[in-house]
Amino acid sequence: MQTALTQQLLQTAAGREADEILRNCVHCGFCNATCPTYQLTGDELDGPRGRIYLIKQVLEGHAPTARTRLHLDRCLTCRACETTCPSGVDYHRLLDTGRTLTEQATVRPFAQRLLRRALRRVLTCRACFRLLLGSGRLLRPLLPGVLKQHIPVRQRIDTWHPGPRHERSVLMLAGCVQPVLAPQINHATEQVLYALGINVVKEHGDACCGALSHHLGATEEALQFARRNIDAWWPHIERGAEAIIVTASGCAPMVKDYGRLLADDFRYARKADRVSELARDISEYLAAQSPLHVLQQAPGTRVAFHSPCSLQHGLQINGVVEALLRSLGYTLTTVSDPHLCCGSAGTYSILQRSLARRLRDNKLAALQQDSPALIATANIGCHTHLSGQAGVPVLHWIELLATLIPGSNHDHA
Ligand code: SF4
Ligand code: SF4
């Protein structure tokens, strides 16, 4: 594609990167075929090719409008288009630049600004979110059904104390909403890793990975979260932690991107690179621990696996969780259109409710078509978004592995 970016932009790293990405696009439109929002609305501007065109206009000096912003807002950042694109167009980086420029050049209505700010404040702060969720649970009996389904019930966590320390250790990103909404996920991860001879070092100084702020256009805030995590983790890295485990697949691409995002920060660039090198989604880390012989075999339970977009398109980890579950005795049921997003997408399910609901209903129909006993996924956003309406239990796949530890008290298998 021919481009004519403004000279001012071409003098910045982001501008030059955007120019290169645009030049890779041959405007073939193959990507539209797998874009969830294009499939729903049929509007060219709600597909990747149309959005690329809108971003190109902004980069070439045309003022973005509320309509530009609307079509960029409707993008799930699911990256299904990147998996499909034959030219390797790095769409999400172009979108980041397009969104930042559009955010700077347009003014959102007051209610939108307030909601986006509130989401950034509350969801990235564990204490604030815990308070909000606790209040919601107290009021739950009084709320109408439609609101009730958004407030997950409290999960019971068994008391567990690891035995003697193992030699190997890993760090684990606690996350922001996950330990409050579903503390059993990190708990199960700790138990599975301990059974494999690996200690999990808990670092209470860490924070949100920054993805939420990043996707809401608050770039500097996202970088502050990254710096805080690096500071918290660095002493443990120096003491030999062999990996940084991320149990929410939506957070893993962000931590793996710290090196690139902080490349121009001379105080953090080197450490950020090292953190990115050590970051592992729990599935890729476990797949490299061979074999998982300490775990028992499952009794053939039928499981529908929902692979989050962050896992299959962002991290390009495909079939790994499925292979792990099969090797441990689970039966994976058929799921049609597995490449399509469930509509969770960070704060998308709150900010674009109508599209998110339609995507969730389609996804649940696909997941439940082959009568699974339960749905397993890998990201807290998808987990929460699907749980409210699913006819079977929804859980993180690592919880299934925890049930296979000899002597386990878990009962999902
Ligand atoms: S992003 Fe890729 S698939 Fe989409 S129009 Fe451009 S080259 Fe074609
Ligand atoms: S990231 Fe997802 S929603 Fe956005 S354009 Fe690509 S396929 Fe469509």
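This is a predicted model: local features need pLDDT of at least 70, side-chain atom pairs count only at pLDDT 80 or more; totals for chains, interfaces and linings use all residues.
Trainee: Let's start with the open sheet of four strands, so what order do the strands come in?
Mentor: The order is E2-E1-E3-E4, and the pairing in this open sheet is parallel. Strand E2, residues 198-201, and strand E4, residues 279-281, stand at the edges with a single partner strand each, so one side of each has no neighbour in the sheet. From one strand to the next, the twist averages 40°.

Trainee: And how many bridges join E1 and E2?
Mentor: Strand E1, which covers residues 168-172, pairs with E2 over four bridges in the parallel sense. To place one of them on the structure, look for Ser169, whose bridge partner in E2 is Asn199.

Trainee: Which helix lies across E1, E2 and strand E3?
Mentor: That is helix H14, residues 219-238, which runs at about 170° to E1 as it lies across E1, E2 and strand E3 (244-246). Helix H17, residues 269-278, lies across E3 and E4 and runs at about 25° to E4.

Trainee: At what angle do the axes of H14 and H17 cross?
Mentor: The axes cross at roughly 70° and come within 11 Å, which means that H14 is roughly perpendicular to H17. On the H14 side the contact is made by Ile230, Trp233, Trp234 and Ile237, and on the H17 side by Arg270, Lys271, Ala272, Arg274, Val275 and Leu278. By class, the residues in the contact of H14 with H17 are seven nonpolar and three charged, with no polar ones.

Trainee: Switching topic, where is Gly210?
Mentor: Gly210 is placed in the loop between E2 and H13, and with 0% relative accessibility it counts as buried. If neighbours within four places in sequence are left aside, Gly210 is in contact with Ala222, Phe225 and Met254.

Trainee: How far apart are Gly210 and Arg228?
Mentor: In sequence they are 18 residues apart, and in space Gly210 and Arg228 are 10.0 Å apart, taken from C-alpha to C-alpha.

Trainee: What about Ser213, is that one buried or exposed?
Mentor: Ser213 is buried, since its relative accessible area is 0%, and it lies in helix H13, residues 211-215. Setting aside neighbours within four places in sequence, the contacts of Ser213 are Arg120, Thr124, Ala218, Glu221, Ala222 and Phe225.

Trainee: Now to another helix pair, how do H2 and H7 cross?
Mentor: Helix H2 (residues 13-24) and helix H7 (residues 91-105) have axes that come within 9 Å and cross at roughly 130°, and therefore H2 is oblique to H7. The crossing in which H2 passes H7 is left-handed.

Trainee: Which residues meet there?
Mentor: From H2, Ala14, Glu17, Ala18, Ile21 and Leu22 meet Arg93, Leu94 and Thr97 in H7. Sorted by class, this contact of H2 with H7 holds five nonpolar residues, one polar residue and two charged residues.

Trainee: Which strands does E5 pair with?
Mentor: Strand E5, residues 302-305, pairs with E6 in the parallel sense over two bridges, and Val303 has Leu332 as its bridge partner in E6. E5 also pairs with strand E7, residues 374-377, in the parallel sense over three bridges, where Phe305 has Ala376 as its bridge partner.

Trainee: Last topic, what is the phi of Thr77?
Mentor: Phi of Thr77 is near 55°, which is a positive value in a residue other than glycine. Most residues other than glycine have a negative phi. Thr77 sits in the loop between helix H5 (66-73) and helix H6 (80-84).

Trainee: And what about the phi of Asp337?
Mentor: Asp337 is also a residue other than glycine with a positive phi, in this case near 45°. Asp337 is found in the loop between strand E6 (331-332) and helix H21 (348-351), and it is partly exposed, with a relative accessible area of 44%.

Conventions. Residues are numbered from 1 along each chain as its sequence is written. Chains are lettered from A and ligands numbered from 1 in the order in which they are written. Side-chain values use heavy atoms; hydrogens and water are left out. Two strands pair if DSSP finds at least two bridges between them. Axes are lines fitted to C-alpha atoms, for helices over the stretch in contact, and angles run from 0 to 180 degrees between N-to-C directions. Contact means heavy atoms within 4.5 Å. Buried means under 20% relative accessible area, exposed over 50%, partly exposed in between (1.4 Å probe, protein chains only). Angles under 35 degrees count as roughly parallel, over 145 as roughly antiparallel, 65 to 115 as roughly perpendicular and the rest as oblique. A crossing is left-handed if the near helix is turned anticlockwise from the far one by less than a right angle, and right-handed if clockwise. Ala, Val, Leu, Ile, Met, Phe, Trp, Tyr, Cys and Pro count as nonpolar, Asp, Glu, Lys and Arg as charged, and the others, Gly among them, as polar.
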